[in-house]
Every structure is written in structure tokens, then in C-alpha cells.
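Please take me on a short walk, one selection at a time.

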Amino acid sequence: MSNVPIMADVAAAGKEIEVLFWVGCAGSFDARAQKVTRAFSEILNAVGINYAILGKEESCTGDPARRAGNEFVFQMTALQNIETLNGYGIKKIVTACPHCFNTLKNEYPALGGSYDVIHHTQLLQDLINTGRLKLQGGGSFNGKRITYHDSCYLGRINGVYEAPRALLEALDVELVEMKRCKSKGLCCGAGGAQMFKEDEPGEKRINKERVEEVLETGASAVAANCPFCLTMLRDGVTAEGKEEQVMVYDLAELILDKMKD
């Protein structure tokens with residue numbers, strides 16, 4: 001992405017930013033999540049947000065290490081990141097990953113890293129509310145039935161339920177809720193470092209059960225807000241042989257589609 005500003009270049013030019021875009025491991029290296037990173041960056045560029053990313057100076061937040069019980073690795077990576085962020089005087093951070101969001105917002109302050117951290121759905125909602133982001137009429141998803149999957153780290157852990165749904169309302173889609181949503185939402189099966197280990201013994205994979213709930217809504221698409229949920233939902237839909245019927249998107253991709261209409 002050649003049109004994404006790098007914080008080191010911005011600082012060298014003596015400029016300041018409104019917000020730092022924390023890309024995260026998935027958004028940097030996973031091919032599907034990279035599309036979300038590009039979509040969100042394209043939105044930021046289109047609305048004229050003064051932002052930057054750390055680029056090669058960004059490392060993992062340490063969230064998977066802490067969830068897996070390796071406190072030493074977590075603190076080592078966290079302290080390195082905090083030194084970088086504080087060195088640039090970063091005050092506000094936006095991220096499209098709820099795991100990065102939770103760690104930066106709730107766990108870095110104890111180590112000396114206190115920032116105003118928001119999820120990308122919250123920033124997009126604010127941009128719409130303040131008129132900086134204007135959506136066009138129509139769009140590929142206008143009037144389509146779409147369901148929304150609450151990620152655990154944005155929903156149950158941090159109580160963010162309204163912003164993602166407000167975005168769907170702005171898209172003029174028919175939002176249909178799954179039977180387990182908001183505070184009772186069902187995990188996709190990848191949170192808490194579960195993505196990096198074998199499944200727990202059981203009768204059914206969690207993402208399969210979640211996708212069955214998606215299919216029960218009759219929706220033609222499911223919107224997610226997390227790169228790990230995106231992968232788990234996509235794999236579940238594919239396992240059911242419904243990949244031609246039910247598409248899986250991040251909310252930033254839906255917003256970008258509406259902007260281009």
C-alpha cells in the first residue's frame with residue numbers, strides 16, 4: 001500500500017497525526033485480513049483523515065502470548081510497543097482487530113501505555129455522524145438481508161454493540177439478528193489464542209455451530225468486525241458448502257462498497 005503514510009516519515013517531516021492506525025498481525029500478514037486493512041486505509045484516505053501506521057516498527061501486541069499463559073513474552077512485546085508509541089507521542093489509536101483493541105486499551109496502561117483506543121467501527125460511526133464520511137445511495141448490499149456476528153473481544157468484553165449496528169443501519173440493509181447476539185453472542189472459536197491450538201474435544205466445532213445460526217437467519221451475508229472471526233466464519237460457511245450463498249465481510253468492506261456506488 002504505497003499511499004499509506006508511515007509514522008517514521010511523518011515524524012521526520014515534523015508533522016502530527018489525528019490517529020495512529022494499528023494494523024495488527026492478521027491485518028499485516030493474513031491475505032484475507034489484508035483486504036480489510038486496504039479497505040479501511042482507502043476509507044481513511046478518501047475522507048482525509050490525517051493518520052499513519054507504524055509499518056515495520058509495529059509488532060504483535062502480545063495478546064496471543066498472554067492468553068496462552070506466556071506473561072514474559074507479553075510484557076516484553078508490550079513494553080517494546082509502548083516505547084515506540086510513546087516515542088512518537090501517540091495519543092489516539094484505531095484498530096480493526098478487537099484483540100489489539102482490548103490489549104491496547106485495557107492492558108497497556110498498567111505498563112505505562114495510556115492511549116485513546118477505538119475500534120474501526122467506532123471511528124467509522126463517528127465519521128458518518130459528523131458528516132466527514134458520506135455514503136451514496138444504492139450499493140451492492142442495499143436492501144439485502146445481512147446478519148451481524150458480535151466478536152467476543154469487542155462485544156462481551158468491552159460492551160461495544162451499538163457502533164457496528166449503526167453502520168449496518170447506515171448501509172440501508174435489512175439487519176437480522178442471530179438467536180445468540182450481543183451479550184449472549186456465541187464465540188467464533190478463535191479468541192483467546194484458540195486460533196493457534198488444536199480444538200478442544202467436543203461433538204462440533206464452534207464455528208460450525210455459529211455458521212448454522214447464520215444460515216438460520218436466511219441472510220445473504222454476515223458482517224464481522226474481527227480478522228479471526230472473519231476466518232472462522234468463512235471456513236464454517238465453506239464447510240457447509242454455502243460459500244456461493246452467504247458472503248462474509250468486514251464492516252469496513254461494506255462501508256467502502258457504499259462509498260463507491
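Predicted model: local features only at pLDDT ≥ 70, side-chain atom pairs only at ≥ 80, totals over all residues.

Stop 1: Show the strands as cartoon. You have an open sheet of 4 strands, ordered β2-β1-β3-β4, and the pairing is parallel. Colour β2 (51-52) and β4 (116-119) next. These are the edge strands, and each pairs on one side only.

**Stop 2: β1 and β2.** Select residues 19-22, which form β1. This strand pairs with β2 in the parallel sense, over 2 bridges. Now pick Leu20. Which residue of β2 stands opposite Leu20? It is Ala52.

**Stop 3: the helix across the sheet.** Select residues 31-47, helix α3.

**Stop 4: Arg132.** Move to the loop between α7 (120-129) and β5 (145-148), where Arg132 is found. Is Arg132 buried, exposed or partly exposed? Its relative accessible area is 37%, so Arg132 counts as partly exposed, the class between 20% and 50%.

**Stop 5: around Arg132.** Leave out the neighbours within four places in sequence, and Arg132 is in contact with Glu18, Val47, Gly48, Ile49 and Leu127. Start with Glu18: its side chain and that of Arg132 are joined by a polar contact of 3.2 Å. Then draw a C-alpha to C-alpha distance from Arg132 to Ile49.

Conventions
Residues numbered from 1 in each chain as written. Heavy atoms only, no water. Buried < 20%, exposed > 50% of the residue type's maximum accessible area, 1.4 Å probe, protein only. Contact = heavy atoms within 4.5 Å. Polar contact = N/O pair within 3.5 Å; in protein donor to acceptor, adjacent residues only side chain to side chain. Pairing = 2+ DSSP bridges. Axes fitted to C-alpha atoms, helices over the stretch in contact; angles between N-to-C directions.
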